[in-house]
Amino acid sequence: MTNVTSHDAVRFGNTELPPEQQESLRKAIRIEWATMGFLVVTTTMVFLVLGNSQAMKAAWIEDLLSFLPPISFLVAAHAIRKPPSEKHPYGYHRSTGVAHLVAAVALTVMGGYLLVESGLGLVKAEHPTIGGIELFGNTIWLGWLMMAVMIITSAPPVFLGRAKMKLAEKLHDKVLYADADMNKADWMTAIAAVAGVAGIGMGLWWADYAAALIISASILHDGFKNTRAAVSALMDKRAMTYDDGKPHPLGRQLDEYLRSLDWAEDAKSRIRDEGHVFHVESFVVPAGKVTPSLEQLEAARDACVAMDWKVQDMVIVPVAELPAEFLPGPTAGGER
Amino acid sequence: MRRRGMVAGLLLAVLLMLTGCAGSFPADPQGTLEKARGGTLRVGASMNGDWVRISADASGDVRNSDVQGREADLVRDFAAQLGADVEWVAGSEQVLTEELKHGGLDLVIGGLDDKTPWVTHAGLTRPYAESRDERGNPHKHVMLVPLGENAFLLELDKFLMAAKEQK
């Protein structure tokens with residue numbers, strides 16, 4: 001491939017992506033644009049039938065908020081291409097984390113706002129009023145349209161979410177993961193809104209607020225979860241898997257490899273997740289306190305970098321003993 | 001998974017209720033339509049040009065013949081369709097919407113448009129007529145119904161749309 005633009009698009013700063021990740025990144029960018037296109041259509045449709053239902057309003061705001069993760073992803077995917085510079089020696093990988101945090105805070109604020117508003121509506125017992133609408137010369141209840149729109153728009157995000165989830169794992173992208181996670185749960189919002197409107201239809205005015213409360217709570221839940229994940233990533237939490245489920249296995253692999261070297265007696269690394277790629281500092285105690293040669297160190301570093309595309313920014317520090325102050329934890333190399 | 005279970009449960013409950021009561025859909029929480037049908041329609045009228053003319057001096061309960069105008073005629077036709085007698089109350093928008101909010105009235109007319117500030121007290125019908133004022137600004141005319149009485153509102157909307165087409 002000699003095409004310069006496509007070459008640019010598949011780098012994360014200095015890190016050249018392997019073919020599988022290049023393909024995933026291109027797909028992810030396409031699928032996020034597709035998501036935005038889909039959202040433009042659904043938010044417009046839902047807006048047209050919004051009426052006085054609080055549940056519909058909550059669902060609509062959730063749809064609007066769904067723009068944030070794709071926008072964050074696309075902005076970050078653009079920013080992280082820049083190679084490190086004198087001013088930014090670690091590169092621009094953190095832009096992913098920043099984008100993630102901005103989206104997460106927006107979710108939290110709107111979720112909280114909707115929760116309070118829906119709760120107040122319930123307390124004040126403001127009965128939601130939904131009348132008729134003219135459709136092809138007939139006057140029908142607007143609630144039917146609301147339910148139809150919510151059902152029509154409920155399914156596609158689930159498929160988009162599943163596709164994104166696979167890509168998020170390959171790219172080790174937490175914004176993409178958060179987006180996929182929210183998309184996958186989107187049908188529940190739609191069902192809750194349908195239930196709320198159906199409740200209004202049955203004369204159970206409070207059902208609308210109950211549904212709105214469920215939707216607001218789910219937005220708030222997403223907000224908290226993502227804020228926590230984004231903040232802890234920016235706070236240099238040790239590298240975790242793409243879903244924050246467990247410590248990333250790469251840490252153990254690196255330590256095991258370094259310990260297995262002829263010239264090394266013990267080794268332990270601290271790894272932070274810069275966004276997609278890892279920043280690795282490996283402390284190695286040479287066997288018999290003999291300083292390793294530059295060739296040995298260079299060979300070890302090359303082998304580690306070859307192990308995974310996420311390892312690029314790595315330093316190996318020969319030390320007389322493992323510095324406990326930099327490597328807190330129960331045992332040397334003990335990754336829980 | 002807990003959320004998923006909760007929503008699934010809610011959906012099931014809704015389906016059960018839907019199959020359980022196949023009566024009016026949408027239904028009125030306060031039963032306004034049911035009470036009006038073959039009974040009495042309590043209508044608040046506020047004077048406004050050709051839309052609502054009231055010949056009686058006093059506010060409060062007024063005779064049927066005292067209330068005239070385009071909207072008053074529409075209301076009488078609607079009441080006739082429901083087989084209801086109209087009980088008229090004259091007053092300011094403030095007094096009437098307050099009554100509407102607390103269930104003292106079923107309907108309020110007064111040449112109101114869809115920009116009315118009384119949305120906090122009342123539900124709006126769909127605009128059934130348009131007019132222009134002296135400044136050339138358009139007004140989409142609506143009537144006010146009690147909040148959340150959706151069966152009654154839909155019945156009135158249907159009536160108003162049909163009346164609009166006949167003209």
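Predicted model: local features only at pLDDT ≥ 70, side-chain atom pairs only at ≥ 80, totals over all residues.

Q: Which residues of helix 2 of chain A meet helix 3 of chain A?
A: From helix 2 of chain A, they are A:Leu39, A:Thr42, A:Thr43, A:Val46 and A:Phe47. On the helix 3 side of chain A they meet A:Met56, A:Ala59, A:Trp60, A:Asp63 and A:Leu64.

Q: How does the contact of helix 2 with helix 3 in chain A split by class?
A: Seven residues are nonpolar, two are polar and one is charged.

Q: Switching to strands. What is the order of the open sheet in chain A?
A: The order is 5-6-7, so to speak of three strands, with mixed pairing.

Q: Which strands of chain A stand at the edges?
A: Strand 5 (264-273) and strand 7 (311-318) of chain A. Each has a single partner strand, so one side of each has no neighbour in the sheet.

Q: How much are neighbouring strands of this sheet turned against each other?
A: By 20° on average, direction ignored.

Q: In what sense do strand 6 and strand 7 of chain A pair?
A: Parallel, over seven bridges. Strand 6 of chain A covers residues 278-286.

Q: What stands opposite A:His279?
A: A:Asp313, in strand 7 of chain A.

Q: On to chain B. How many helices and strands are there?
A: Five helices and ten strands. Chain B has 167 residues, and 42% of them are buried.

Q: What about contact range in chain B?
A: Take contacts between residues at least 6 apart in sequence. Of those in chain B, 65% join residues at least 24 apart.

Q: Where is B:Glu99 placed?
A: In helix 4 (residues 93-101) of chain B.

Q: Why does B:Glu99 count as partly exposed?
A: B:Glu99 has 18 other C-beta atoms within 10 Å. Buried needs 20 or more and exposed needs 12 or fewer, so B:Glu99 falls in between.

Q: What does B:Glu99 touch, leaving out residues up to four places away in sequence?
A: B:Gly44, B:Gly104 and B:Leu105.

Q: And how far apart are B:Glu99 and B:Ala162?
A: They are 63 residues apart in sequence and 28 Å apart in space, C-alpha to C-alpha.

Terms used:
Residues numbered from 1 in each chain as written. Chains lettered and ligands numbered in written order. Contact = placed C-beta atoms within 7 Å. Helix = DSSP H or I, 4+ residues; strand = E, 2+ residues; numbered from the N terminus. Nonpolar A, V, L, I, M, F, W, Y, C, P; charged D, E, K, R; others polar. Pairing = 2+ DSSP bridges. Axes fitted to C-alpha atoms, helices over the stretch in contact; angles between N-to-C directions.
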